[in-house]
Amino acid sequence: MGRFIVRRLALMVIALWVVVTVTFFLAHMIPGGPFDREKPVPEAIKKNLEEKYHLNEPMWKQYLLYLNDIIHGDLGPSFKYPDRTVNDIIKESFPVSAQLGFWAVLMATFVGISLGSVSALHQGELIDSFSMFFAILFISLPSFVIAPIFQYIFGVKLHWLPVANWGSWKHMILPALSLALGPTAVIARLTRASMLEVLSNDYVKAARARGLSGLRVLIVYALKNALIPVVTYLFPLIAAIFTGSFVVEKIFNIPGLGRYYVTSIYNRDYTVILGVTVFYAAFLILMNLLADITYALLDPRIRYE
Amino acid sequence: MKKFRVFLTLLLVFGLIFGMFVGCGEQKQEQGQGQEQGQGQEQSEMVLRYNLGTEPETLDPAKATGVPEMTVMLHTFDGLTRLDKDGKPQPAVAESWEVKNDGKLYIFHLRKDVKWSDGQPVTAHDFEFAWKRALSPEIASEYAYQLYYIKNGEKYNTGEITDPNEVGVKAIDDYTLQVELEQPAPYFLSLVAFPTLYPLPEHVLKANPDWPKGIDKDPNLYVTNGPFVLAEWSHHDKLVLKKNPNYFDKDKVKLDKLVFYMVEDANTAVQMFENEEVDMIDNIPTAQIDQWKDKPEFHIDPILGTYYILVNVGSDKTMGGEKNPLQDVRVRKAIAMAINRSVITDKILKAGQQPAYAFVPPGIPDAEPGKDFRQVGGNYFSEDLQKAKELLAEAGYPDGKGFPKLIYLYNTSEGHKKIGEAIQSMLKENLGIEMELQNQEWKVYLQSRNEGQFDLARAGWLGDYVDPMTFLDMFVSTSGNNDTGWANPQYDDLIEKAKYETDNAKRVQYMHEAEDILMQDMPIIPLYFYTNPRLVKTYVKNYAAISLGWVDFKEAYIQK
Amino acid sequence: MDIKVEELKDKSLWEPIPEEEKMGAEELTAPQVTFWGDVWRRFRKNRLAVLGLVLLVIILLFALVGPLVSPYPYDKQDYDAILQAPNLAHPFGTDYVGRDLFTRVMYGARISLAVGFLAAMVQLVIGVLYGGISGFMGGKVDEIMMRIVDIMYAIPILLIVILLMVVLGPGLVNIFLALGFFYWLGMARIVRSQILTLKEEEFVLAARVLGASTKRLLLRHLIPNAMGPVIVTVTLNIPNAIFTEAFLSYIGLGVSAPMASLGSLASDGVEYIRTAPWLMLFPALAIALIALAFNFVGDGLRDSLDPRLRR
């Protein structure tokens, strides 16, 4: 296992390098730059800006300059927010997204797995159909539809919770809920489907035949193997949710990392684009490594040569 | 099983660590949060909460370019003059001035009681320092061109001159500032109210060359001279300003605190307003306007802006490769006359916008006091379907037969899409002209416009200062803003003359004549004049809505 | 009775059956069934699955035939009928320029069905195969293939989409390209994880021992057994695909206004949720119905494919 992990980490560095390179060139290939405005700046000023940010150098040189910086851990200054560095931006906004993400994932995992398992155990009964309809409903209503509805009901109408912004536990509830609904539905359905498979396995039938109770059978035998597809979905989801959802953060005005993904591209803020992308990539690859380790823990037959 | 237990414990530990995360995060925020729950709660502090709408890019006056930045700085700084609610410059740091040499020399006499928020006096040296800094190539200020009016300003900025002492701004003594201009600029007194021309605390910047980096961590570093000072800046969240005890005019300032939120989602902003979480918002989503129209909270504040269609006159071929019919002025006029503007303004946008039959919006004074430039200029055409059809037929396309398909370009936005759809439908119904809507992401759209990759394109222009010139000099043939490809030497000539003319009446006359030409040739088709609809709680009083899009809370107060 | 093997080899102990009896003895007692024939038979028996299929057909008809029958074109603006609630003339109401929502939903369904179908195909074909091969091969091949997936996941899709928009311009085909590019990634991972565990099962070992080729192992044994989560993922991703297409159209890659898809209709309608809720309600309902139909069909398909549920 140790060698396996070391190998994976080495591969991760290579993968990150590929991500940086591809993203760098893609970002510079699309038309428009960080200083294009509706009121175009005079040539002279544009020249000053380009010199300051090395935008007038040949592409490969800019790339190498950037690589050099990134290896030293310096992600550069933001083009759009000249008084802030990308490192600062990530340092300040990631914990916010991560906090929010943590609760959303916790909610989704527990509710999802429980709901899915119960549905599988009572296949075809009322609770199964009920949970399936809800799952479909939540999947068909994306976060940008659900969020305003929540804001209206719990904020404007009931005055229980603030409509937006960040700062207390009250501010976390609606956005976490909005984030969690979709994944809850997916996890529930995935758990149910793979649980059904596992429950029809011979060894489970045998356990039941031996007289073991449903719950015990569930937890000790069925759950472990049934969880594999859930794990596959869950770990990358953690990477995605922890680095923030653009939609939820925008609607609830949460100072998280998620907004930067979209707005940095919109602004052609090259350093931020690359910084958040690399950050997300590293997180994602790490999560996938954890997922693979989890598979091995859940199903001891799985081997990684 | 053992491995599983290990895994579970790891998960639990992970969970605990995050739990602490959550706990700590909350603590930090809780302290900051408690203070701005509402207005007049604890210690009867007067707090006004406004939605800025987006995160300011920077709070460095030399580098700021947009309305959010300028709005914040308007409250933290005072320039030589300050605009009043009609957009007219009033004395601020400068208590008086002299204009000499036919408008090419200004001598400002500064008040002696203006202080920086750290107690140091504001002197003429601070102005000289700040202006030269804004012009320096290293700062690479995007708005440096506003200082090009100053002698050698442009040359210094482009590097033609390297000695800043040759730039025409000089502190004669601590309280006298002398400014030499390249050419007379009748609105120079308005210009000095602009952030780019604010003074900067030389002593602070010398000690902190990276200023204003770090003011989010240490707000006291942001030393300013205006009615308010920076108390807190939480990025993409909110910005808090508090009353400046060292402000020379502090008796006029009634608010103790200003909270600027940065909520970008318009719908969320409205919900916040309904839920008493904010006192004033701009930018009401069109879907909600009907609900608010008759309520006392609904204000339509003036703003100088025109929404228009850019016509590509410069290309011989359309985007589809056929002969470009838009090069014929009759076609352009036909299109202009066939669009039913009141449907757009009254049924789709609904925020009190006015259909436009000229380019320069109302709200700009004419030569005679009390008269408005637009009023004097009048309308240049009217919607006349019959006439439009005739013109189109004359141009060789009766009922739109043989008319090539046109591409209408717009940048991603709900509003622009709706307007585009309406125009598309009107042109098809009324003239038989086919138009294809092409939606492009903002920067791609800007590039396409710049490169003439369109037939028709949606465009909007907001005035930089209160004078027709900010609208008219856009279409000079050498202007970078002129994406139409239209060039008229008479027009260029008139604009040039207006720029150098010192007699205001003559100047305004030149501008009217220029607009006449613009509207006769119609390389742009005006649609409507902007408005700035706002929702303002009834207890918010005396705010100044400046027609350049800003709002000034210096003398505002809350009356419950 | 003690029978020794050598004795059985004695040909004199064996007597051939007379001709007449031979024919009958080789008759199968049950009718012959092909694999897919069996799947269809089982599917037919599942009531919910059939309901789902019927629903899909109805939606398809609605989308294909509806627009031909509707009295309103999808882009006709009527300024006197702006934002009307559902009524006799407009069963789904009208939108912000007076267009009939019912017609637009029908047109929108066409596009969304196509998008949903494409997304499903992309996942099923590319995703399943890629993940299957990766999981089956294991070792270094698997690691590299999965890293490629990781890399593609991490690269900002928006960049690629903008690039496509610039290079190719708007159009439905371009959405298909954009979706096809990254929509199979999640599925690949799911299938791979399933295969990792399945390939250790005894039936695989048995098949191997019997000499099954890699292709046969994958296609006949492993993948059909992994179908459970696969089908769930595909059906759950249909609304996701529809909204992704709405987002792509919103930023300019995809269908141009005034053409709309269900996703873009629903997105446009969100703004009117308090003043004209029908604008969002009906498109969202349509999306939910499509998802439901796919879900029933998917569940039914999975049950029919599962060898252990064979009856």
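In which sense, left-handed or right-handed, does α6(C) pass α9(C)? The crossing is left-handed. The structure described here is a predicted model.

## Packing of α6 and α9 in chain C

Two packed helices are described by the angle between their axes and the distance between the axes. In chain C, helix α6 spans residues 139-154 and helix α9 spans residues 185-198. Their axes come within 10 Å and cross at roughly 150°. Angles over 145 degrees count as roughly antiparallel, and α6(C) and α9(C) are therefore roughly antiparallel to each other.

On the α6(C) side, the contact is made by C:Met146, C:Val149, C:Met152 and C:Tyr153. The residues contributed by α9(C) are C:Leu185, C:Ala188, C:Arg189 and C:Arg192. Sorted by class, this helix contact has six nonpolar residues and two charged ones, with no polar residue.

## Interface of chain C with chain A

## Interface of chain B with chain C

Chain C is also in contact with chain B, through 18 residues of chain C and 24 residues of chain B. On the chain B side, two or more residues come from each of α8 (286-292), α10 (341-349), α13 (414-431) and β16 (435-440). Helix α13(B) gives the most, with seven residues.

By class, the side of chain B that touches chain C divides into seven nonpolar, nine polar and eight charged residues.

## The surroundings of A:Asn253

A:Asn253 lies in the loop between α10 (246-251) and α11 (258-267) of chain A. Is this residue buried or exposed? A residue is buried if 20 or more other C-beta atoms lie within 10 Å of its own; A:Asn253 has 25 C-beta neighbours inside 10 Å and so counts as buried.

A:Ala164 is 89 residues from A:Asn253 along the chain, yet their C-alpha atoms are separated by 5.9 Å.

How values were computed
Residues are numbered from 1 along each chain as its sequence is written. Chains are lettered from A and ligands numbered from 1 in the order in which they are written. This is a predicted model: local features need pLDDT of at least 70, side-chain atom pairs count only at pLDDT 80 or more; totals for chains, interfaces and linings use all residues. Axes are lines fitted to C-alpha atoms, for helices over the stretch in contact, and angles run from 0 to 180 degrees between N-to-C directions. Helices (H or I, at least four residues) and strands (E, at least two) are DSSP runs, numbered from the N terminus. Angles under 35 degrees count as roughly parallel, over 145 as roughly antiparallel, 65 to 115 as roughly perpendicular and the rest as oblique. A crossing is left-handed if the near helix is turned anticlockwise from the far one by less than a right angle, and right-handed if clockwise. Two residues are in contact if their C-beta atoms, placed from the backbone, lie within 7 Å. Ala, Val, Leu, Ile, Met, Phe, Trp, Tyr, Cys and Pro count as nonpolar, Asp, Glu, Lys and Arg as charged, and the others, Gly among them, as polar. A residue is buried if 20 or more other C-beta atoms lie within 10 Å of its own, exposed if 12 or fewer, and partly exposed in between; C-beta atoms are placed from the backbone.
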